[in-house]
Structure formats: structure tokens, C-alpha cells
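Reader: Please take a close look at one part for me: the packing. Keep it brisk, and define your terms as you go.

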Amino acid sequence: MSSAAYTRTTAEPAWILPSRGRVGMFSLIGAECAIFTIFVVAYIFYIGKSVAGPTPRDVLELPIFSTICLLSSSLTIHLAVGALRRASMSAFGLWWFVTMALGTIFLVSTGREWHHLIYDKGLTVSTNLFGTTYYSLVGLHAFHVTVGLLLIALAMIFTLFGKVEPEHSERAEVFSLYWHFVDVVWVIVFTVVYVIGR
Amino acid sequence: MSSETIALSTVGPDARPIGERLHDWIVTVDHKKLGILYILYALFFLVVAGIEAIIMRIQLIVPHNHFVSPQIFNRMMTMHGTTMIFFMVMPILFGFGTYLIPLMIGARDMAFPRLNAFSFWMTAFGGLLLYFSFIGGNGLYGAGTAPDVGWWAYAPLTARAFSPGHSTDFWTLALLASGVGSIGAGVNFIATILCMRCPGMTLGKMPLLAWLNLVVGGMVIFCISPLTAAQIMLCIDRYLGGHFFDTQAGGSAVLWMHFFWIFGHPEVYILVVPAFAFVSEIVPVFSRKPIFGYPIMVAATIAIGFISFSVWAHHMFTVGMSSYGNSFFVFTTVAIAVPTGIKIFNWLGTMWGGKIQLRVPMLFCIGFLFQFLIAGLTGIMLGTAPFNWQLSGSYFVVAHFHYVIVGGIVFALFGAFYYWYPKMSGRMYNETLGKWHFWLFIIGFHLTFDFMHIPGILGMPRRIYTYEPGRGWEIWNLIVTIGAFFQAAGILVFVVNLLWSLRKGEPAGNDPWDAWTLEWSTSSPPPDYDFAVTPVVRSRRPLWDLKHPEDPDWKYE
């Protein structure tokens, strides 16, 4: 490095801009927040407005176990990203797999809940307003979990083939922002659907 | 890094076969090509939706006219509104943003080039879906062709019972697809502007166009998403038998109105803020002065961005709200006029004492200033609940929002076209034809939309396909229709000018306007990599600093 270039770098402060991955993901999360807000508003607006049964109190049970699974997956993905940054690949693979397993448990229990509601309780989208808003809101969230799980599974496959390197830690971190967002949305959906709405 | 040298490729005529060149355009992720694709796509729909407007105006030229049937009139009305908003003005603004933002902030591309291509093709696919309804809307029922529910598609018109066939489905899916594209574009704008600026370009030194598009990006992600959500609900209602907007099962038609207008009003500002951005770039250059009140312009834009999310129910005064609701929305509607007024004063302050050059871009900007002011004033009239109760749903409203969209946004857009045409094509447009376009269009505009207010005040409702003679509406409708033909003639001159200048125009050179922002420092049209060397800026007018080293701007900022 020549001395001229050296003086130039010391004379001007370093030009640091925010990471575009993080900014892009935060923007996307902003858009998703707006979508969920509309669905949550519709759910709250229609609480108790159904003209026919069944009501939430008749059919809904608190999904405590799956909620614990989903929320703890936020912690495990955080640990996974931390492990990737430290370049401890086995720890990354382990935590990433646990995250995937926890997310899958959540999705399976949502599926079981829906099966129970549809076949045992006779509640579908077209039954009443509760059915319409419930399946829409919970379904929209489950759709986001599914998209997240597909991406996690893709990264898991790459990990198994040894294609994931510590320099990918920022991408994993950007993805973890999305996963945290999905978890936060579940806290709101849980509160609205299973606590306030029941 | 700054000492890297790049061999400049000589720009010559592209000798490759046409198929290969077209393939380049289809698979491109380059922001300039995608920008031009957006613009061409939008120009096509400008002509299509313009023809739909002409059909409506011919139908209304005399009472009891039989040019088209009421059913066709409803389709024309719906398609004209939907196309102009979603497939003309929005794509054209995204096109200019996509083309100009990286050039203006000294970057080589957008933050996410592939997302950029995805956004464009989603938007294009949306437009295709909407127009496919003319063929496919029949469905298996053999009922309905193009959507005919109006551009805001109030429930229960969209319910299966009132809208059989697939016409409304095409409308919903088209807006869903293009909405996804718009959200992608919004995310890309924000990430590009925040993360791709060249060294030295702090937020306070960005060109106003970049600042205003940053605000637009934020508004897009927060206001298009509610529309997307509402369209998903409508799909659930229509396909899965849901009851969101089904009043017989306890659903609410008013909820759709709220959801639509939570999108609908910020949308107006999504359309107009990029127009502000064009004017903020063009007026200083043709007044030979830096923009007056740069920080205030930024602050006013951000204020507009925030307030625009709290004014939506002024579209619903006649639906019926509590007096508190009415008062709140009257207050916010009047409040948003304050930052908008500040902007008008700043542009006037920029022109004040400047050496004004009345080239075509500047003519359009002056037209914008005058017309946007009047549009704002009728907006305040309509934003006042008692006045709104009298005139809501009349031609006065139609005249008002066309004053905003045509008199404001489209005039600024034409200004932008003429201003950046030399940069995009490498050739100058024809100044005489440009002036013909301006005068034909402004005469047509005022004939149409000035006189459209009057039948509104006389009680003519919007969206009627014909009317009774003897109510004093005939002469005004005649004038309005004649004006529409003047506008069409202006557009024709514009298209001829674009095509003619593309082949025969004078070579423009890098900087035909002696302008100050970075896009004029590179060749016209810019090379694939935009800048051979990443520029370093020290002020808001980097090219001024370059041309006037004895008196640079950075000494004073």
C-alpha cells in the first residue's frame, strides 16, 4: 500500500453503510406487520359477531405446548447463528436442526388442531364469521411458519453437504430476523385468538 | 479502491440479432433496463386506459347517447380507474425510481437486482391478468367479462351473488400480484437508498429525488400491504365461502371500505410524492438556483408520509361516522395541506430571482405547480365534512382527483420524461413538438377538468352511463369531451416525439442541461456499470463542485 493511499484513508472517516440484508428484511417485516395488522383488526372487529355457532369458547383449547415449542425455537435459532459466527459448525448444525424440529412440531400441532376443529367440531371457513376469521388469521401465520421452515430445511440440506461456511452468518442472521418476527406474531395471534377472543 | 481503472468499452450500434437483444431485455437484472421496461409497460397502459376514458367521454357527450351499453360503460369505468392507478402511474413512477435512484446516489445497481426484476415481472403479470379478464372472465358460468365493480370494488358488489363469473376474481388477483411486486419495489428502494450511497453522500447530501423515494418506499410497504390483506380476504370470501364482507352472515361491508381506503389514501401520496421529486429536481436546474429550503422539503415529505395514514375516512363521510370521527378526519385532512403548502412555497422560492429557462420540462413543472395548487384547494373543500356531504359521489369529486392525478402527477411525469429523455436515450427530444404537446395537453386538460367541476356542483353523479336532458349538464359534458380529444392529440404528439427523437434527435452528450446531480456525470445512455469509478461527493450538487472548483457548494453547506 502506497503512503499516499494511506494518508487518504486516515484523512477521511471510513464510509460505513447499513447492511442491505438487514434493511431489506426489516422493510419486508414492516410490510408483513401491516398485513397481519389488517387480519388482526378484522378478527377483533368480528369477535362475537357470528350469527351461528360454534363459538370460540365451545371449540378452542389453549395450544400451550406448541406455543412453547415455537417460542423456544427463537432461542435456538439465535444460538445457531451465534455458533455459525464463532465457526463452530457442529453446534450450528445441532441448533439449526432443533429449530427446524421445534417449528415442525408447531406446524403439526396446528394441523392436528385444525383436523379436530373440522372433523369433530364441524368448524370450517364457511361455517360462520369465527371460522372465517380464525382460519384466515391462524392460517396466514401458519403459512409464514411454513415458508420459514422450507428455508430452514434448505439451509439444513446445505449444512449436511458442508456448503455452509462462517461467512454466511450474516445471511443466517437476516433469516433469523424473519423467524423472530414469526414468533412475535404468534404471541399476538395467541393473545387475540385464544385469550381475548375466547 | 478509488484508484481502480476500467477500460471503457466503445459504445456502438448493437449488431446482434434481434432475438438475442430481446432475450437480454427479458432476463435482465440491470436497473436501467428494468426502469425502461417499467416505463414502456406503463406507457402502453396509458394508451389503453386513455382509450377507455375516451369511450366513456363519447358516451357522455350528449344525453341519452347509445355509443356503448351501460354494462360496457361500467367495465370501461372500472378498467380505466384500476389500470391508470395500478398499471400506469405506479409502474411509471417505479420505473423512474429504478432508473434514477442508483445513478443519483452513485451506485452501480439497486440493492437487490433480482428482486427488482421479480417486482417488475409481477407487476407486468398483474396487468396481463387484469386484461385477460376480457377473454377469460366468462368462466364456466358464461357471465361477466371484464370487472365492472368500480376501482374500489365496494362490498357487496364483489359478492358471488352480484358478481358471477370470474370478472372480480381477475381484478382481485391482478391487484394481489401487482401488490406483491410493489412491496418488492418498496423494499428495494429503501435498501438501495440507505445502503448503496457512494462515499460522502450522507443522508443530508442526497438529491431530493432519493429522499422522496425513500419516503415512497416506506409508504409502499405500509400501505400496499393492507390492500394485499384485503384482497386475500376477498379471495377467501369468493373461493372458500368466507364471510368477511358478507352482511347476511354478520360480516361488514363498511370494513372493506376502511381497509380499501387505508390503502387508498396513502396511495394518492405514493403517486404524488415521486411527482414532487421530479419537480424538486427539474425546477432548480431550469431556475439556475439550488433548491430552496432543502431540509424543510425533506421534513415536509416525511410529515406527509406520516399524516397520509390518518386521513383515509375522509372518503367515507357520507357513509356515516360519529361527530368525533368526522372531526378527526377533517382535522387530519386539513393538516396534511400544511406540509404540502410548504413544498409549493419552496418551489416558488427556488424560482424566485432565478434565471428561468422555459424549456419543455420546466413548462410542465410550472403547469404542475399551478394545477396542483388548485387540486389541493378543492381537496380541502372536499375534506370538510359538511361540504363533502353535499358533493361526495358527484362529478366535482371526479374533477378534483383528476386535477391531482392528471394536472399534478401526469404533468410532473411529462416534465420528467423530457428532462431525463436525453439521459435514457442519448438523444435530445424535439423542442417544438414538445411545446405542441404541452400546449395541446394543457388546453385539453383545462377544458376537461375545469369544466367538469360544474356539472358536479349542479348535481351530476359520477359513474352514470347517461343522463336526462334539461338539467343544465349538456353544455358542460360537451366541453369536457372536446377537452379529452385535445389531451389525446397532445399524447399523440408526445409519442411521435419520443419515437422520432429516438432515431433522429440531436446527440445529447453527458449533460445537456448543465445540471448538478450524479446521473449527468456519466455518458448518455449510461454504461452497464453506470460509473467507471465510484464517485465521491462532498455536497448536494456534486457536479457544480466539479464545474466550479473555485466556488464549490461544500464550503457553504
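Author: A crossing is left-handed if the near helix is turned anticlockwise from the far one by less than a right angle, and right-handed if clockwise. This is a predicted model: local features need pLDDT of at least 70, side-chain atom pairs count only at pLDDT 80 or more, and totals for chains, interfaces and linings use all residues. Residues are numbered from 1 along each chain as its sequence is written, while chains are lettered from A and ligands numbered from 1 in the order in which they are written.

Start with α4(B) and α5(B). Their crossing is left-handed. Helices are DSSP runs (H or I, at least four residues), numbered from the N terminus. α4(B) covers residues 113-136, and its axis lies 8 Å from that of α5(B), at an angle of about 165°. Axes are lines fitted to C-alpha atoms over the stretch in contact, and angles run from 0 to 180 degrees between N-to-C directions. So α4(B) is roughly antiparallel to α5(B) (over 145 degrees; under 35 is roughly parallel, 65 to 115 roughly perpendicular, the rest oblique). Residues of this contact divide into 16 nonpolar, 13 polar and no charged. Here Ala, Val, Leu, Ile, Met, Phe, Trp, Tyr, Cys and Pro count as nonpolar, Asp, Glu, Lys and Arg as charged, and the others, Gly among them, as polar. The loop between α4 and α5 of chain B holds Pro156(B). The peptide bond from Ala155(B) to Pro156(B) is cis, with omega near 5°.

Now take α3(B) and α12(B). α3(B) spans residues 70-104; its axis and that of α12(B) come within 12 Å and cross at roughly 35°. This crossing is left-handed. On the α3(B) side, the meeting residues are Val89(B), Ile92(B), Phe96(B), Tyr99(B) and Leu100(B). α12(B) answers with Ile405(B), Ile409(B), Leu413(B), Ala416(B), Trp420(B) and Met424(B). By class, this contact has eleven nonpolar, no polar and no charged residues.

Next, the core. The largest nonpolar core has 208 residues. Such a core is a set of buried Ala, Val, Leu, Ile, Met, Phe, Trp, Tyr and Cys residues joined through C-beta atoms within 7 Å. Buried means 20 or more other C-beta atoms within 10 Å of a residue's own; exposed means 12 or fewer, partly exposed is in between, and C-beta atoms are placed from the backbone. Val273(B), Val279(B), Phe364(B), Ile409(B) and Ala412(B) touch the most other members. Helix α12 of chain B (residues 395-425) gives the largest share of this core, 22 residues. A second, separate core of five residues includes Phe73(B), Met76(B), Met77(B) and Met79(B).

Leaving aside neighbours within four places in sequence, Val273(B) is in contact with Leu212(B), Val215(B), Val216(B), Thr301(B) and Ile304(B) (contact: C-beta atoms, placed from the backbone, within 7 Å).

Last, the chain boundary. Here 30 residues of chain B are in contact with 26 residues of chain A. On the chain B side, α5 (167-195), α6 (208-240) and α7 (253-287) each supply at least two residues. α6(B) gives the most, with ten residues. That side has 21 nonpolar, eight polar and one charged residues.

Terms used:
Two residues are in contact if their C-beta atoms, placed from the backbone, lie within 7 Å.
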